[in-house]
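Me: I'd like to learn how to read a model like this one, feature by feature. Can you walk me through it?

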Amino acid sequence: MLTIYGRKSRFCDGISRRNFLKIGALGLGGLTLPQLLQAEANSGIRRSHKAVIMIYLPGGPPHQDMFDLKMDAPSEIRGEFKPIKTNVSGIQICEHLPRMAAMMDKLIPIRSISDATDDHTDFMCMTGRSKRNQPPGSWPSFGSIVAKVQGQTHPAIPSYIGLEPKMQHHPYNAAGPGFLGVAHRSFKLEGEGKPDMVLNGITLDRLADRKALLAGFDQFRRDVDASGLMAGLDSFNEQAFGMMTSSKLLEALDFQREDKRTIACYGKGDAKPHGDAAPMLMEQFLVARRLVEAGARCVTVAFGFWDYHGNNHKLAREDLPMLDQGVTALVEDLHQRGLDKDVSVVVWGEFGRTPTINKDAGRDHWPRVSCALLACGGMKTGQVIGATDRLGGEPAERPVLFGEVFATLYHNLGIDVNRVTITDLSGRPQYLVEGGCQPMKELI
Amino acid sequence: MLNRSPFNSAAAFKFTLLVFVICFASTSKPVESAERNQPGKVTSLQLQVQTSSENESTQMLHLRGADSRQQLLVTAKFDTGEVRDFTRQVSYESSPSGIVQIDKSGRATPVADGTATITAKSKDGLLATISVTVEQSGKVTPVNFPNQIVPIFTKTGCNAGGCHGKSSGQNGFRLSLLGFEPTEDYEHLVKEARGRRLFPAAPDRSLLLLKATGTMPHGGGKRLEPDSDDYKLLVRWIRQGMPYGKTNDATIARIEVFPKERTMTPDGEQQLVVMAHYTDSSTEDVTRSALYEPNDKDMAKADATGLVKVFEQPGDVAVMIRYQAQVAVFRATVPLGAMVENLPTPRNFIDELVFKKLKIVGMPPSELCDDSTFLRRVSVDISGRLPTPEEAKRFLNDTDPAKRDKWISSLVESPQYADYFANKWGALLRNRRTAPTQTRGTYAFYSWIRDGLLVNKSYDKFVSEILTASGEIRQNPPVAWYRQVNNPNAELEDTGQLFLGMRLQCAQCHHHPFEKWSQQDYYGLAAFFTQVGRKPGGQPGEEIIYHKRGLATATNKKTQRPVKPAGLGAAPSNLSPDDDPRQALADWITSKDNPYFARSLVNRYWKHFFNRGLVDPEDDMRETNPPTNPELLDALQKNFIESGFDLKNLVRTICESQIYQLSSVPNQFNKIDKQNFSRYYPKRLTAEVLFDAVNQTTKSESSFDGLPRGTRAVALPDNSFNASSYFLTVFGRPDSSSSCECERSQDASLAQSLHLLNAKEIQEKLAKDDGRAALLATDNLRNDDEKIRELYYRVYSREPKEKELALATGYIHKRTDGKDDKAELTVAKRQAYEDIIWALINTKEFLFNH
């Protein structure tokens, strides 16, 4: 007998309400593929594409106060947080991340990112590359590359969507489409293009009139263009009209359509920007999930402001629980919806923070080691990657490069980093990650 | 080197064997379907072995040594005169048997010493023969590592950039990229890791082979079949004790492909034969060891055995062939085969050569475009603007037969020509402002570029002045080029890409994979820039560029040896420490004999007007990326040099041709044409032109920081205005960060559509109180018909059709009917015009130059 699981609805109250569909008693043999697909469609399951949700923590979060507590270090290094056990024996993390601790079997903390640079920018976290020695036009973001290489899954949903606002500290917005060109830029829901998405000074009726008028005038023969550009323009125009009226994208963006309990799981965020960086909207994690479900391949979110030069522990005590709730809700949600094999999640910042706590009770920039959290995407979760020395200052085991994490994410999307290249402006084929970076064997 | 099939020195060259067997076969039954729509009856079959283009015919095929192989070619001639490859359509026999073996693909392998006759037999009984002599078939010779082993790694992909060929190697094992450094490969393979990779005592058990055959787990999977020739050769090499080869062994000099070009039918096939020529004049068939890559994968594919298959699309396709560091090209023309007649009278050599090509391809061109289309097209292409309605009306009513030429001339002489081309060159010359202190420099450089274009400074002088620029920006603006292009590598790479059409970056670290250029060539060019001195200029952000006295030499990154300055393919220059090497470089580049300089410029301009280069991309003019119409490129080059590098003359020559004035509307044959210029290929208006056109249409003015109101976007002095104009950014105005035209993004995107359809910026332009819509709505002297006519002239330079007029006036009625209140009526009318203009600027006819 074939059982196709429908949309499971387990909520944070822990009760699972699973609806499923049973078809015949013959197993797969009695079912053709179209029937199977139809059955899937009927039960609300699509053939899923692969996607990545990237959560950037601008400012550089304190690695030793999150996933790598150093209880053997002197107190000026150790800090005041205590480790707690997780549901994977042998792994301990910070007491202010209790929800992550309770689902450590679904997570992968990396303790030994080793090639950060002392530069407040999203560049490394978005491109996996150093800003030095860039090709003309600069390195493209991960999402731009994915958009270029894999295209769109659905004509109405851009491949690469950026939910982060334009942050006040400009380098936090540094990464872009690079040499791939503006057409592969993330579709930004905040920022300069945002006003274009709502009707500007005209009514819906008038828009409908205009659209009809345009259709009447726009009779130019499309077959004069063999390049496909005109057809592409038509399709984008169609999407744009959809967006201005109502559309799949807008629906996906409206997380209020979600079940109240699901929304509650993610918690209530804070919409005002923290520091010179981003707001802390866990709701955006939910939006990211909805966008991915609707067809996006890469969704980026920026979350909070982690540059704790003063009051490190006080700020972390406020921020970590929000991150904890948002990330665990997202991971749980992905699992519940059967997307855990398809959607990879990565959470990280541009560098770690100094082992020694400074005079202002803060921690300063520390690029020599930093941390990351991975989840889902079919990776082998429930393990910690790498370790730092006694003081949390240097990678001691398994130093990990940003590029290796990116190679893993590409792998999860089905992109072979050893084969696929993109051509830069000088005509040179460029690999997607720095030379030598391979998908992490421990994870795939 | 004995085991290559050596055709002993000079005598060996007399080898191309041509056997024609004219067969008067009475069987007239049509040939089997495998041969697809054959044009008629096969009249002769030709079995051919060609080893060098220097000799025409050979008496017989010699196979000497156990490793010798020879790919045969069988060509059928039809009664229609057509020629087709039959190599895999015939059966082979050799008599007596047991001397040589020929497989289905026509590859001869020696079996035993002796002489035999090979007969190829077609399905309808035609025969062709060749004699073969096999010698030393049992002789096993020492393997030569660079010539025989390394190519195996290239063919199987082991040393590709994604695997062991990348600079860090793969899982601890490293090979040089594409085998360009055989000595290093030898070290890594034989000596590194305590020799664990090879096992002479039991060659089959060598790690190398166990991995490559997938017997042991291998990240790269199975790359080699245990029963393949390559595998056997590797085994033998290991068994022989891994010889490297002797120092006096011959090395490869060049490769040659047969046939070099061929006219093929849609869906046709062609077997290639690739011969390697060695320094000792011997030759070897390397057909199975070479790599094949078509330049247009929509048009052809090639497999590992050298079999090329073309698809249905007519036109030209080139297959690049690589073996060791050598390259060759096979060119196929796939004709459509339609009758090409009643061509317009050629106006210049461009027409003659394109028509000639179209006749070969069998693709009739579209008709000549009408006056409106021409006027709008050429105005955008030369001056980056739409014609005004007055200009359009005047032009359409003009009965002078020379009016098109006159209009071209007036455009070329207008300041807008200089604006538009300065905009193009400013981006390529990286006139980039990244800090406010650079403003003086970018403005000065821009003016210098624009002034040069305006007075039509000859192109050789223009380039020479940039390359040799010394002093301060204020006195000598082109030194600004050295501000963004600020080290010898960048300087030579930009020079190569921009002025020579050569992308040389690859050769910085290894031999160029698709070109003949080596690191030596790269550093020879870099050496010209090694004496560029820099010191702080008059104000922050500026520099003084000067010649730093000294002998110009660059260091070859690989060999760490000094390299003297030398132009590509030219002898090294002997310069004294007092000579500015950049002057020598400029002299070499701008010389009339330079094979690349004029050629790359005419190709770049061709692309500007036709949206596709004769070589495309326009700055990738390598040997393995041949032009679609070589004669035309030659002729344009010659014409440009003879004119004294006159850019305006070039623009006039191109625009006056009938080819440029063909309609973009396809006929029944040329809809899929993308490279023969049988019609005009529409292109989207660039960000700047579109921005200006929208302003012109809506009667709005731009306002850019620090520039007079109404400055046109095509006349912006540098890239810095992109940051404040979302319109320009989203439509892809380049940031002047690269010398490649490709930095300009001409792709469509959702953000663009949203902006043009719905942006506040656009809505404000439409709804301005003194804007076009308001003006038209309140104009009581003319009726709506006339006003719509004016709009049509404004956006399309043409009369509206009846239907269009009816649609527009109908819309105005719809919005205004029943509105009695005067104020209400005025508003409604104005809104109606806003909507009409909005619709017009969103049509494809507006957004494209067509």
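Me: Which residue takes a positive phi in the hairpin of β5(B) and β6(B)?

Reply: First, the labels: strands (E, at least two residues) and helices (H or I, at least four) are DSSP runs, numbered from the N terminus. Two strands pair if DSSP finds at least two bridges between them. Here, four residues sit between β5(B) and β6(B), and Gly81(B) has the positive phi, near 95 degrees. This is a predicted model, where local features need pLDDT of at least 70 and side-chain atom pairs count only at pLDDT 80 or more, while totals for chains, interfaces and linings use all residues. Residues are numbered from 1 along each chain as its sequence is written, with chains lettered from A and ligands numbered from 1 in the order in which they are written.

Me: How many bridges hold these strands together, and what does β5(B) pair with besides β6(B)?

Reply: β5(B) (73–78) and β6(B) (83–85) run antiparallel with three bridges, and Lys77(B) faces Val83(B) across them. β5(B) also runs antiparallel to β2(B) (42–49), with six bridges; there Val42(B) is opposite Phe78(B).

Me: At what angle do α9(B) and α19(B) pack?

Reply: Axes are lines fitted to C-alpha atoms, for helices over the stretch in contact, and angles run from 0 to 180 degrees between N-to-C directions. Under 35 degrees counts as roughly parallel, over 145 as roughly antiparallel, 65 to 115 as roughly perpendicular, and the rest as oblique. α9(B) (403–412) and α19(B) (647–656) pack at about 150 degrees, axes 10 Å apart, so they are roughly antiparallel.

Me: Which residues of α9(B) meet α19(B)?

Reply: Contact is when two C-beta atoms, placed from the backbone, lie within 7 Å. From α9(B) you get Asp405(B), Ile408(B), Ser409(B) and Val412(B), and among their partners in α19(B) are Lys648(B), Val651(B) and Arg652(B).

Me: How many residues does each chain bring to the contact between A and B?

Reply: Chain A brings 48 and chain B 59. On the side of chain A, α7(A) (229–245) and α6(A) (204–217) each supply at least two residues, with α7(A) giving the largest share, ten.

Me: How confident is the predictor?

Reply: pLDDT is its confidence in each residue, from 0 to 100. Chain B averages 91, and 95% of its residues score at least 70. Residues 1–35 of chain B fall below 50, though that stretch has 93 contacts in the model beyond near neighbours in sequence. For the complex, the predictor gives an ipTM of 0.83 and a pTM of 0.84.

Technical notes
pLDDT = per-residue confidence, 0-100.
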